[in-house]
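Take your time with each one before reading the solution.

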Amino acid sequence: MKNLLVQLVKKAGQVLLQYFNSQKEITVSFKSKNNPVTIADKKSEEIIKNTILKKFPADKIICEETCPTIDKLQNNIRYWVIDPLDGTVNFTHKLPIFCISIGIIENNEIIEGIVYNPATEDLYYAKKGCGAFKNNKKILVSKIKNLYNSLLVTGFPYYTHKNPKRVFKLFNKFATTAQAVRRLGSAALDLCMVAEGIFEGFWEENLQIWDVAAGSLIVKEAGGKVTDYYGKENYLFGKTIVASNGKVHTQMLKIINSLI
Ligand code: IPD
Ligand code: CA
Ligand code: CA
C-alpha cells in the first residue's frame with residue numbers, strides 16, 4: 001500500500017499547492033464558528049476518495065468534508081481515514097505548515113499511516129511493526145526524561161473562543177512547567193514532530209479520527225506512546241489525546257488529570 005499512499009498524498013499535494021502558491025486570495029467558508037473549509041480541502045478529498053474507491057470499492061472511507069460521521073469501527077472492513085488538508089487556517093493565511101493525512105485501519109487497528117506537507121515536501125510514513133520514517137529515513141522519539149527539559153506542542157479546538165477556560169488552564173500549567181510550549185496549527189504534523197524527536201510531547205482535545213489516525217501510528221512506530229487524557233487507548237474517538245516520547249507521558253497525564 002505504501003506506493004499508493006505516496007501517490008495519493010502527492011497528487012492531492014499538487015492541488016493544495018496550486019491554491020497555496022496562487023496570487024489570488026483563497027476563499028474560505030465556515031462549517032461552524034472559526035472552523036474553516038476551502039475549495040482546496042474539498043478537491044483534495046475528492047481526488048483521494050475517488051482513487052481509493054475505484055481501486056477498492058468494498059473499502060470504507062472516513063473523511064472530514066464529505067463523509068457521514070462515524071463513532072465506531074467494524075471488524076473485517078478496511079477503513080481509509082482521510083484529512084485532505086490539516087492546518088486549514090495556516091493554509092488560508094499562507095503559512096506553510098499544513099499537510100494531508102491518511103491512515104488505514106483494519107480490524108480496529110491502524111496498520112499504515114502517511115502525512116505529507118507539500119510545501120516542504122516532508123513525507124512521514126509508518127507501517128505497524130515496521131518503524132516510522134521521514135523522507136525514507138528512520139525516525140525515533142527523543143530521549144529527554146523530564147518535563148522541565150521538554151519542548152511541548154498543543155493545539156486549540158475551534159470552540160476555544162466560546163469556552164477558553166479548560167484549554168488555557170492546561171496551556172498555562174504546561175507553559176510554566178515544561179521548557180516551552182508551541183502551537184503550530186496542524187495536529188497531524190504536531191504528532192509527526194513528536195515522532196521525529198523535535199517535541200517531547202503533544203496534547204489536545206476535541207480532535208477527530210482523521211486528525212490523529214496516521215500521526216498516532218507514526219508516533220508509536222517511532223517508539224513513542226499515545227493515549228487519551230486518562231491513559232487509555234480511546235484517542236481515535238474519545239476527543240482527547242496525549243502523544244509523547246514515552247518518558248514524559250506519565251508526567252503529562254498527571255498534570256492534565258490534576259486540572260480537568
Ligand atoms: C485542525 C488542526 C489544528 C487543531 C484543530 C484541528 P483542520 O484541523 O489540526 O492544529 O488545533 O483542532 O481541527 O481543521 O485544519 O483540518
Ligand atoms: Ca484536521
Ligand atoms: Ca481538515
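A polar contact here is a pair of N or O atoms within 3.5 Å. Keep in mind that this is a predicted model.

**Exercise 1.** Find polar contacts between the protein and the oxygen atoms of ligand 1.

*Solution.* Start at Asp86: a polar atom of its side chain sits 2.7 Å from an oxygen atom of ligand 1. Then turn to Asp83, whose side chain places a polar atom 3.3 Å from an oxygen atom of ligand 1. Finally, look at the cover: of the 380 Å² of accessible area that ligand 1 has on its own, the protein covers 95%.

**Exercise 2.** Work out which protein donors the calcium ion (ligand 3) has.

*Solution.* List them: Glu64 (OE), Asp83 (OD) and Leu85 (O), at 2.2 to 2.4 Å from the ion. Now follow the chain, and the spacing reads E-x18-D-x1-L. Glu64 is in the loop between β3 (60-63) and β4 (79-86) while Asp83 is in strand β4, so this pair ties together parts 19 residues apart in sequence. Asp83 also bridges to the calcium ion (ligand 2), 3.7 Å from ligand 3. Asp83 is buried, with a relative accessible area of 1%.

**Exercise 3.** Decide which residues of helix α7 (residues 249-259) are buried.

*Solution.* The buried residues are His249, Met252, Leu253, Ile255 and Ile256. Viewed down the axis of α7, they fall within an arc of 160 degrees, so they line one face of the helix. On the other side, Thr250, Lys254 and Ser258 are exposed. Last, check the packing: partners of the buried residues include α4 (165-175) and β12 (201-205).

Methods. Residues numbered from 1 in each chain as written. Chains lettered and ligands numbered in written order. Predicted model: local features only at pLDDT ≥ 70, side-chain atom pairs only at ≥ 80, totals over all residues. Heavy atoms only, no water. Donors = N, O, S within 2.8 Å, 3.2 Å for Na, K, Ca; no water. Helix = DSSP H or I, 4+ residues; strand = E, 2+ residues; numbered from the N terminus. Buried < 20%, exposed > 50% of the residue type's maximum accessible area, 1.4 Å probe, protein only. Arc of directions from axis to C-beta. Contact = heavy atoms within 4.5 Å. Polar contact = N/O pair within 3.5 Å; in protein donor to acceptor, adjacent residues only side chain to side chain. Areas by Shrake-Rupley, 256 points an atom, 1.4 Å probe, with all protein chains shown as cover.
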